[in-house]
Structure formats: C-alpha cells, structure tokens
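This briefing goes through selected features of one structure, grouped by topic. Please keep the sequence and the coordinates at hand while reading.

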Amino acid sequence: MRVVVSFGAKRKYAAIVVKLGVQPPKRTRPKLVDYILDEEPVITEDQLALWTWMADYYLAFLGEVAFSALPQSLRLSSQTVVYRSDSEAELEEFSQSERMVLANLDEREGVTLSELENLDARSKIQRAVASLLEKGWVAVAEEMNQAVKPKTVEMLSLEDAFQSEASLSELFEDLGKAPKQLEVLMRFVELSQCLTDHPVPVERLRLQNEANANRSNIQALISKGVFKIEHQLKGQGRHGVGERHALSEEQTRVVQEIQTQQKPVHLIHGVTGSGKTLVYVELIQRAVNEGKQVLFLVPEIALSTQLVERLRQWLGDEVHVYHSRFSQRERLTLWKRMLLAPDECKIIVGARSSVFLPFSNLGLIIADEEHEASFKQHESSPHYHARDVAIWLGHHHHAQVILGSATPSLETYNHALKGKYGLSKLVKRYGDITLPAVEVADLKRATKEKQLKAQFGPELYAGIEQTLKEKRQAIIFQNRRGFAPFVVCESCGWSAECVNCDVSMTYHKRFDKLVCHYCGYNYKQPSHCPSCGSAKLKVTGFGTEKVEDDLEILFPEARIGRMDLDTTRVKHSFENLIQAFADGSLDILVGTQMITKGLDFDNVALVGVLNADALWSRPDFRAFERAYQLLTQVSGRAGRKGRQGRVIIQTYNTEHPVLKYVMESNYQALYEHQMLERREFGYPPFTRMIKLELAHKDAVLTRTCAETFSKMLRAQLGDRILGPEEPPIARVRNRYLRNIYVKIENTASPQKIRLVIRKTMDEIEAIKDFRPVRIKVDVDPA
C-alpha cells in the first residue's frame, strides 16, 4: 500500500510500504507515516520481485524502477496550495501580479501555486506570493494532489423486493400508467435474465439505448426503489468473436513444435507475411482456455492499433490495451481491474511499459518484432529492454515466452541455434504468396545523368506512376522527419545549429520553424542570414515533410498521407491514418520507421526506399544488422495479398553487402557475416556490454570526472574498460557527454562486475567536485 510521508516542513510524498519491520534501523531515524492512502494493495508481491531484479540488473535504484512502473496517477507528491486570509493592508499597496493572485483567490477557495504561475511570468508570481505572505494576505499549505479516479460504469440490478416473479408481476401492473418506465423494465428483464438462475447486471447506458429511453426514465425507477446501482470498473469495449483464417500446414507444424520442444523461450523466425499472428492467436486461445493471462508485447503504439482490432475480432472483448498514449485515467482503470478482477483481463496488448502491470496468473508472453530497438527504454532509468524483462517475467511466473520476427536480433538467433531457446521457422508467406521482388536503383548514375525528379530516380518515379494507374497503393520510406535537416547561407557558409546541442536544426515547413530534435529548442525560420545579413538561405537534404510536398507536385491527383512523430502526436491519429490507408482513402503513405513494423495492408503494390545509405552509415557495431532489419521489414509491406509486390531501394552504393542479403532474403548469410566480425572484435553475443554516460554543463569537469572514473574502473577491471570517449554528438541539452564502455566476457560474472561499477560510482559521488556530474548506466545498450 501507499502511505504519505513528510520530507521536511514543506513536502509530502506517497511512499510504498515493501516490508514491515519490528525493530527501527539503528543509524537512521525513520520517517513517520502521516496516513495510509489505499484500502487495498496497489502493487503485488510479483511486481516487487520484478522491481528488485530490475534495480539489481540495470544498476538502478528501486525508487527509479517504481517511478517508471507505476501509472502517474499512483505517483503522488504534494503541491503548494495558496489560500486567502484576512489582512488590514490597503488594496492600493499591491502590485499588478499581486492583484492577479488575489483576484483568483477571491473566485476560488485554495489555488495551487502551479496554477497561479500560469497567470504571468513564473518569477513574478512567486515574488507576488512571497510578498502577500509577508503582508498576511495569503497563507500556504502542502496538500497531496487529488488522485485520478478510474473510469467506472453504472450497472443496474433489481432491488431485493422485486426478485420474485410474483413481485415483478405486481410491479408491471403498478407501472401501467407509466408506459415508458414499463418498457424500460421489460427490456431490463430480457437483458438481465433476472428470471433465470444466472441473472446479470445491465449497464445503464446500454439499457437506455436498447429501450430507446432517456436518463430520467431510468432515474424514476431508481427513485421508486426498483433498481439499485453498482459502479464497476469500465472495460475497453465489446467486440463479437468472428471467424479467423484456418492455420496452414506450416503454421500447424510451428504450434506443434512449440508444444513438443517445451522450451521456456521459443523463437518463431518467419518471413514477412508468413502469418505469425495466426500462430500467436492459436497459442493465446489455448492459454485463455486454461484460465491463464496473456501479455502481447508490441514495439510501437502504431503496430498495436491494427493488431488489437484483429485480435478483438478473433478473440472478443477479453483483449485490453495499455500504452503511454492512453490517459492517466485509462491506465489506472486497467491497473485496478487487473488487481480487483483479474479474470476479466485475460489478454493484454501493450508497448514496453505493460511488463509492469499486476499480473496474477500469467501463462503466455509474446514479444512480436522482438528485434525492435523500440523495446529499449532510452529516456530515463532504468534503461530496460522489454524483451529481456519479459523473459524474466516468464521464468518468474512459469509462463511460456514466444519471440517472433522475420529479422530476429543476432543475439536471440544465436541463443536459438545453441539450443537455449526453441526455434521454429516459417519460410513461406501465408497463402503461398510470393515475396516481393527487390530492385536496387543507382542514385549515383541518376544524379550524374540528371534523371532525378526531386528525390525520385527514374525507376521509383515510373514505379509510383504505374502503381497509381493500377489503382493500387505505394509506401515511401524516409527515416528522417521534418522538411529539411540543414539550413545554410550560400554567401558566408553559416548553418543553423542548436544553441543547446551539437546538432543542426531541422526545418519544419508546416510551422515555418527550425527545430532541434534532441532538446526541442525552436525558433522561426529567419528571412536573412543572422551572420552576414544575406537573403541567400538554402534548405538542404530532405525529410518526410519535403517528400510529401514533392509527391503532391509530381502526382497532383494522388491522395497522400504522412506517418511520423509530427503527424501522430494526437490521440487516435495512428488509428485514423492506418484506417484511411487500409480502406483506400490514401494512395501513397510517406513515413519514417513507424511504417516498417508489422502493419498489414492488402493493396500495397510498391515500396520505395529513398536513401538506403543513411541506414548503414552509422558508427555502431549493429549498423548492418539494423539496416537489414529495416529494409527487410519495410519491403515486407508490399504484395501481402494477391499479386507479387515490388520494392525499389535507392542507393549510391549498389554493391553494399546488406543490399545483397535483402535482395536474396538471406538472413542466414547476414548472421554468419556479422558473427565473424563480432567474434573478432569482441561484441555481443560474444561479450556483454555496459555503457556509462557522464554529463555536465562544464566540459572540463565532465572530461576530468570521466578520466578519473575510467582510471578507477580500469584498476579493478583491466582491459574490459574502453574510453572515455566523446560520442558523435558531444553536447545534448547543454550538457557535455563522455562515454565509457565495459565489455564483459561470457566467462566472467556480470553480477560481480556490476557490484564493482556500483561501488566505484559511489566513490566518485563521494568526491565533492564530481558530485554534480550525472552518470547514466545503460546495461545491454541497444
């Protein structure tokens, strides 16, 4: 349960009781509990075990894990509330900001300081409140934020006095002069089956709609003591169960192999369009029939939209969704339902945060597209990987874990080949549909011969033209959002760079602004060069916004949509875009890597990749693996139904080995090639890695601290320490960065090395000069 604890005189926090002690700690003075917030526990023993393991494995604090795991509405802290009090001061003595504060307090009894700070500049309001406190016109108090309440629905059932047939018949006669109420009651009897041995309550809104009544008709029956109301936690909608496609011979074989191999973790390696989802549905149905809960992990919210709709068609209303785009209230509602009514929450589909939900009877975990980097938490500690957390959850709950991908991570595939995981392969597309034909278009030649139309070579331009003539659809992939990534002055060479980060500003035409994609800093696009005053400012490069713009000029009759972070910020924007493309309202969909992940469209004939070179030209040992995965996944969106699809990949390097593997759909060759390099240079899966990132606003302090830290680590861990080095982007959010890498051979104990790192971090933080330097620990960096 959560309890409220005071920290100092001005702040209160909601703390979680994890254990009850008998003796107080000897060298620490315990805080007193002000009061208990919950009537029932809000987390389970299983969740506490997960948090403890994550804190240990990812070198995080238990509080950091709890902060990531809990819905925001359960993470309470106090807020300063300002109240009006009486004073003898004259009104003329007040400044304008003080008058604004008092005017608000006259209208409402008690206003939070954060609300008052919206009235004017924050510093002015804070000075005004401080001044009013001195004058005695206001008082302040610390109060806990009001908790968000879960969504509930009103359920109606008959009062005890009307449970018998005789009493009901009498009631029907009494309502003869109130025909609408009589109609409502008759419809209720039908829906509730109250005259059978198994009566069920009826949702008030459903009864109102079915009886074609209004709220007052039902309220009249409540007032007469006919109905009683119960509030139940709201579900996420009801769907009828429809027929699903029969399993092919290959899919049936995979289901049987999973059952017979009986490995705790099993990899399904199936080509794009092979029907892995149908295998998942069969496994889910079996788990649900055994009374078990199922967790279905997807890497992107965009992918969950289409998947959830299909699962609900096939499995009914037992499918629930959990991800960050849901409101606080929606997430809290599902959390509470899983605690109070776990039998009603059989199937959970969610992004990485859904691993933290309070499961009580978990029997199956599926991680679809398990290779995706989106499963990794980058923003805040703990920097966990949802796939790896899912494997721990499976072990803890004795649940089967299924990993699925057309392009599995090399580490996962290596485990499967060594027998640590089970392995099944789907080598054919469902319905024996042919894999798309992959072509490589030479941008070097097209540029030299001046054949480019905007960013489109002759092959891709003709392909789009032909696709539109055939009334089919095309997907254009460009893994960079915005209009143009660079703005430069042709006169003096000035370029727009972020004031907080060592990166260029990206031009967004829709807002006519230059935006930093790392810190969010932005300003209006200047009309003249800030350095020399010239009007010769030029945008160079291209992002999805420019691609969409060019397509509208080149193909004015086509209906074009764009899917990237800018167009999908609003709730339901994913669903609307995907639905519009699926039902044929759009002819061309332009997008970033969002469009590469497991989406299934019937009428896509062509996929175009505008610049493949950017995918493998990164200083990362996983660059070739990531490039192959992205190109194969986006290619897999073509020709999933009916005729063979076509993929055109534009590149300046037509001989690159990754292109050869993609054209041949030869994952095995990529795996063998990469394993040779990784074995030679000591990268995963032949070692394990931990990345330590140091950051501070003072570049010299960051460098000095990093050098000292690495020296202390090297004294204990030797050649396992690499660095410190400046990353390619050496300053982000006005903090200078240094990276240290720890390479751990597979024969060493990761637990002992993590203890050394933790101890050394404590020693660094004990040095006063280094205390302000922030150290970020990323175990198994993606």
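Which residues line the largest cavity? In this predicted model, the lining is made by Thr-44, Asp-46, Gln-47, Leu-50, Val-355, Phe-356, Leu-357, Pro-358, Phe-359, Leu-393 and His-397. The points below start with the cavities, then turn to helix packing and to backbone geometry.

**Cavities**

- The model has two cavities of 30 Å³ or more.
- The volume of the largest cavity is about 60 Å³.
- Of the elements, α1 gives the most, with three residues.
- Sorted by class, the residues lining the largest cavity are seven nonpolar, three polar and one charged.
- The second largest cavity has a volume of about 40 Å³. Its lining consists of Tyr-57, Arg-688, Met-689, Ile-690, Ile-744, Pro-750, Arg-754, Val-779 and Asp-780.
- At least two residues of the lining of the second largest cavity come from each of β28 (687–696) and α25 (750–766). The largest share is that of β28, which supplies three residues.
- The lining of the second largest cavity divides into six nonpolar and three charged residues, with no polar ones.

**Packing of α1 and α2**

- Helix α1 (residues 45–57), which also contributes to the lining of the largest cavity, packs against helix α2 (residues 62–69) at an angle of about 125°, and the two axes are 9 Å apart.
- The two helices α1 and α2 are therefore oblique to each other.
- The crossing of α1 past α2 is right-handed.
- On the α1 side the contact is formed by Trp-51, Thr-52, Met-54 and Ala-55, and on the α2 side by Leu-62, Val-65, Ala-66 and Ala-69.
- By class, the contact of α1 with α2 holds seven nonpolar residues, one polar residue and no charged residue.

**Packing of α6 and α7**

- Helix α6 (residues 165–174) and helix α7 (residues 179–192) cross at roughly 155°, and their axes come within 10 Å.
- An angle over 145 degrees counts as roughly antiparallel, so α6 is roughly antiparallel to α7.
- The crossing of α6 past α7 is left-handed.
- From α6, Leu-168, Leu-171 and Phe-172 meet Leu-182, Leu-185, Met-186 and Val-189 from α7.
- The contact of α6 with α7 comprises seven nonpolar residues, with no polar and no charged ones.

**Packing of α21 and α23**

- Helix α21 (residues 623–635) packs with helix α23 (residues 667–681) at an angle of about 165°, their axes being 10 Å apart.
- This angle makes α21 roughly antiparallel to α23.
- The crossing of α21 past α23 is left-handed.
- Phe-624, Glu-625 and Tyr-628 of α21 make the contact with Tyr-667, Leu-670, His-673, Gln-674 and Arg-678 of α23.
- In the contact of α21 with α23 there are four nonpolar, two polar and two charged residues.

**Backbone geometry**

- Ser-381 and Pro-382 are joined by a cis peptide bond, with omega at about 0°.
- Another cis peptide bond links Gly-723 to Pro-724, with omega at about 10°. Pro-724 belongs to strand β29 (residues 721–725).
- Asn-212, a residue other than glycine, has a positive phi, near 50°. The location of Asn-212 is the loop between α8 (204–210) and α9 (215–223).

Methods. Residues are numbered from 1 along each chain as its sequence is written. This is a predicted model: local features need pLDDT of at least 70, side-chain atom pairs count only at pLDDT 80 or more; totals for chains, interfaces and linings use all residues. Side-chain values use heavy atoms; hydrogens and water are left out. Axes are lines fitted to C-alpha atoms, for helices over the stretch in contact, and angles run from 0 to 180 degrees between N-to-C directions. Helices (H or I, at least four residues) and strands (E, at least two) are DSSP runs, numbered from the N terminus. Angles under 35 degrees count as roughly parallel, over 145 as roughly antiparallel, 65 to 115 as roughly perpendicular and the rest as oblique. A crossing is left-handed if the near helix is turned anticlockwise from the far one by less than a right angle, and right-handed if clockwise. Contact means heavy atoms within 4.5 Å. Ala, Val, Leu, Ile, Met, Phe, Trp, Tyr, Cys and Pro count as nonpolar, Asp, Glu, Lys and Arg as charged, and the others, Gly among them, as polar. On a 1 Å grid over the protein atoms alone, a cavity is a set of points where a 1.4 Å probe fits but cannot get out, and a pocket is an open set with protein on both sides within 12 Å along at least five of seven lines; lining residues have an atom within 4 Å of a point. Grid points are joined across faces, edges and corners, and a volume is the space filled by probe spheres set on the points.
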